[in-house]
Structures are given as C-alpha cells and as structure tokens.
Amino acid sequence: MREISVFGGTSHPALTAEICAHLAVPQRPVEVKRFANDCLEVQLQSNCRERDVYLIQSLVRPVQENLVELLLMADAARGASAARVNAVIPHYAYARSDKKDAPRISIGGRLVADLLVTAGVDRVLTLNLHSPQVHGFFSVPVDHLHALRELAGHFRQRDLSNAVVVSPDLGYAKSAAAFARRLGLPVAAGAKERVSDSEVHITAIIGDVAGHDVIILDDEISRGTTVFELLDRLREQGARSIAVACTHGLFADNALDKLAASDVTEIVCTNTAPLEAEHPKLTVLSVAPALAEAIRRIHDGESVSSLFDH
Ligand code: R5P
C-alpha cells in the first residue's frame, strides 16, 4: 500500500492538524514564499514520490491567495511524482458562481474546477457544495460530503418535541428535508429571491412554523443577509424560538456578532472555515473526523458514499 502524505496550506492549519491527528499521520511541512513581485512559490518539504498526497486547503478569505497556494501545491506534488494528488477543500467558495444569471458574467465554479485539474489534482474531497450540480464541474472524481450527521447529532441533544426545520430557499430544501428526516421532524422552506450579494427577499414560507421551535438550516452564512430576512418572516409568522445551523460559518461583515445579538437561541456551524471569534450562543462542530475517515477510505479503496449517504 502506498503511503499517505498530508500537506496543509495556510488557510486552516488547525483543521489540517486535527485531520492528521485522526489519521495518526504526521503533517508534512510546506514552505510558502512571496517574492518581491508578489508572486508565490510553494515547496512541499517532504518526499511525494509514488505517495498518495492529500492537500488540505479551504477556499476562505483571502480566497484568491488560498486558491493560488493550492494550485501551486498541486503542481508541486505532481512535479514531484506523487502517485495521486487529492485536493481536500472543506469549503469550495467558488461554488456560488455556478450559473449565468446575468449577461457576460464568469462562472467561477467551473473555471476554478478546471484550474485545479490543470494544476494536477486527480481527485477532490469537499463538503456541502453550494448546489449539488457543481460536482459536475469537475472532470475528476469528487467525493462530496455533507455535515448533516454532525449537525443532527448536535440537535438530538435538544428538546425537539415542537421543532420544525426551515430552509431559507427551495434550492436547499432537499438537504433540509434530509436533515429533518434524521431528526424525525417536519420541514418548511422560504420562497427566496436574491437581488444582490447583500439583498435577498423572502416573500413566503411554505409550511407551518407558527408556535414551533424553528431550526434554520442553510449551507453557509456569509453576510447573514439570508438568515436575517428569514428571521423577520419567522417572527411575523409566530415562530416560538429560532436556532440557526449551517455547514460553512463564514460570518462576513460581523454577521456572527449581529446574529448573536438577535433573539436566536443558538448558532451552530462546522469548522470548514477557521473561526477566531467565540460567543456563548455559538457551537462549532468539527468535520475533521469525517474528512479523516473519508481520506482513509479513499486511500484504502473503500466506499465513501456508503458512509455519508443522505
Ligand atoms: C444562498 O443561496 C445560500 O444558500 C446561502 O443562503 C447564502 O450563501 C448565504 O449568504 P448570506 O449569509 O450572505 O445571505
């Protein structure tokens, strides 16, 4: 069996360390240099020849820097004769750029997928892509995990006798329904229209939320625009309490503080993005065990989908 070599980029060292600890493998060193002309150079400081190489890099702020770093790591691994180059991308930020919904716009999700493959990536392991069809942008195998098991495990500790799961939009309703099924709960969804990055309208909620304890479930919270709009509708419709859960807690523009200052009972996310801020209302669940198990299975040629089926 080939050896596993795990390298982490600079985006999320804590997650890389946790994954390595679960796999009981050393984290291999990487040197990233910046030249006077602002170009980066990456050196993988451990042998890659004929190894199964895993490059862990979340596409979080600064996204462009982290992306180029990952591309350079892949190129370095391929050039060093790695047997297989696996990109582990806990948060694939460009997934939000997945369609041509305005004239003359780029579709970054597809372009970045092509860049990764051109750089030498043979396989991608990722979590909760903004929309499932982004998977198809990659011309190499993708193992697309979700964090519903982790999130459901958290909410199972709560009193769910009066709870309902609410997706902010119909696009995420299928995942919200899968989450609700795990908890034996009903599901509802908002009718959402995004006007711009900072403006969304939710005109109605399909399903019964009045008098219920709502668990909002979304793939990510960025500025929080979606969640704040949904909170307004839920309050208008008489929800009894509201908790918020997502996979990718990006919390741009102070969204965490603003959300924590609102009447939500709790905020739950995973650690696909690094989070320095803490708050008594915030729980961060680790996806490191799931990613480590997926890596082990990929390496050993075992089924990954059977582990993480919806
Ligand atoms: C949008 O379609 C997604 O599912 C999320 O609702 C969105 O990305 C969250 O972004 P924000 O928090 O800025 O509304």
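Visitor: In this predicted model, are F155 and F179 buried or exposed?

Guide: Both F155 and F179 are buried.

Visitor: What makes the pair of F155 and F179 edge-to-face?

Guide: The ring planes stand at 85°.

Visitor: Where do F155 and F179 sit in the chain?

Guide: F155 is in helix α4 (residues 148–155) and F179 in helix α5 (residues 173–183). The pair links distant parts of the chain, 24 residues apart.

Visitor: How many aromatic pairs does the structure hold?

Guide: Two. One of them joins Y92 and F138.

Visitor: Why is the pair of Y92 and F138 called tilted?

Guide: Its planes meet at 55°. Stacked needs under 30 degrees and edge-to-face over 60, so this pair is tilted. The ring centres are 5.3 Å apart.

Visitor: What parts does the pair of Y92 and F138 tie together?

Guide: Y92 lies in the loop between β6 (84–89) and α3 (108–119). F138 lies in the loop between β7 (123–127) and β8 (142–145). The pair therefore ties together parts 46 residues apart in sequence.

Visitor: Why does Y92 count as buried?

Guide: Its relative accessibility is 4%, and buried means under 20%. F138 has a relative accessible area of 8%, so F138 is buried by that cut-off.

Visitor: Which residues line the largest cavity?

Guide: Y92 is among them, with H91, R96, D219 and H248 also included. The cavity's volume is about 40 Å³. By class, its lining has four nonpolar, four polar and three charged residues.

How values were computed. Residues numbered from 1 in each chain as written. Predicted model: local features only at pLDDT ≥ 70, side-chain atom pairs only at ≥ 80, totals over all residues. Heavy atoms only, no water. Phe/Tyr/Trp six-rings, centres within 6.5 Å; stacked < 30°, edge-to-face > 60°. Helix = DSSP H or I, 4+ residues; strand = E, 2+ residues; numbered from the N terminus. Buried < 20%, exposed > 50% of the residue type's maximum accessible area, 1.4 Å probe, protein only. 1 Å grid on protein atoms, 1.4 Å probe; cavity = no way out; pocket = protein on both sides within 12 Å on 5 of 7 lines; lining within 4 Å. Points joined across faces, edges and corners; volume = space filled by probe spheres on them. Nonpolar A, V, L, I, M, F, W, Y, C, P; charged D, E, K, R; others polar.
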